[in-house]
Amino acid sequence: MLATMTILSLVAGISDAHRGHQGLRRWVQTYFDTWNRHDAVGLRALLHDDAALRDWEVEKKGGDAVASANGAIWQSAPSIAIEVLKTHLTELTAVCEILVKVKPGVEPLKVVDVLEFDSDGKIVAVRAYKG
C-alpha cells in the first residue's frame, strides 16, 4: 500500500511539474511571437520593471531599456526574425536554441537564449549566447 501511495505521489508531482512547464512554455511562446512581430509595446508589457538583457553586443537593465534595445534591433534589421528550434524548461527558466534570421540571403545566427521569468510570468532576464 505504501509503494502505491509513493508512486501516486510521484505521478502527481510529475503532473504538477508538467502543468507548470505548460505555463512556462506559453510564456516563452508569447515572448518569441511578440519579438517576431517587432512589438516594442507588447514586449515591454512582458518584461519585469527590473528586467536585464545581455548578449554579445548589448547589456541593458530595466524593462524600458530592454524594450528600447530590441526596438533598435528591429529598426536596424527590419526583416529580422527568430525561429525556435528547441526549448529546454526548468522551473522558471527556458533555454532556447534559436536561429536569428537577420535578412534573406544571409546565413542565420545560431544562438541560445536563456529566458528567466518570475512567478507571475514577467521576464526578469534575457541572456543570449552566439554560437
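Mentor: Let's start with Asn-70, which lies in helix H3, residues 63-76. Helices (H or I, at least four residues) and strands (E, at least two) are DSSP runs, numbered from the N terminus. This is a predicted model, in which local features need pLDDT of at least 70 and side-chain atom pairs count only at pLDDT 80 or more, while totals for chains, interfaces and linings use all residues. Residues are numbered from 1 along each chain as its sequence is written, and side-chain values use heavy atoms, with hydrogens and water left out.

Asn-70 counts as buried because its relative accessibility is 6% (buried is under 20% relative accessible area, exposed over 50%, partly exposed in between, with a 1.4 Å probe and protein chains only). Its side chain is joined to that of Trp-35 by a polar contact of 2.6 Å. Such a contact is a pair of N or O atoms within 3.5 Å; within protein, one must be able to donate a hydrogen and the other to accept it, and residues adjacent in sequence count only if both atoms are side-chain atoms. Leaving out residues up to four places away in sequence, Asn-70 touches Trp-35, Leu-43 and Leu-53, where touching means heavy atoms within 4.5 Å.

Now for the sheet. It is open and has six strands in the order S2-S1-S6-S5-S4-S3, with mixed pairing (two strands pair if DSSP finds at least two bridges between them). Strand S2 (59-61) and strand S3 (81-89) stand at the edges with a single partner strand each, so one side of each has no neighbour in the sheet. From one strand to the next, the twist averages 20 degrees. H3 packs on this sheet, touching S2 and strand S1 (47-54), and the direction of H3 makes about 50 degrees with that of S1. Axes here are lines fitted to C-alpha atoms, for helices over the stretch in contact, and angles run from 0 to 180 degrees between N-to-C directions.

Within S1 you will find Asp-50, which is partly exposed because its relative accessible area is 49%. Neighbours within four places aside, Asp-50 is in contact with Lys-61, Gly-62, Gly-63 and Val-124. Asp-50 and Val-124 are 74 residues apart in sequence, yet their C-alpha atoms are 6.6 Å apart in space.

Further along the sheet, S5 (residues 109-117) runs antiparallel to S6 (residues 123-130), with seven bridges joining them; Val-112 has Tyr-129 of S6 as its bridge partner. S4 and S5 are also antiparallel, joined by eight bridges, and Thr-93 is partnered with Glu-116 in S5. S3 and S4 (residues 93-101) are antiparallel as well, with eight bridges, and form a hairpin with three residues between them.

Of its 23 lining residues, Trp-35, Asp-55, Trp-56, Ile-73 and Ile-80 are the closest to its centre. H3 gives the largest share of the lining, five residues. On a 1 Å grid over the protein atoms alone, a pocket is an open set of points where a 1.4 Å probe fits, with protein on both sides within 12 Å along at least five of seven lines, and lining residues have an atom within 4 Å of a point.
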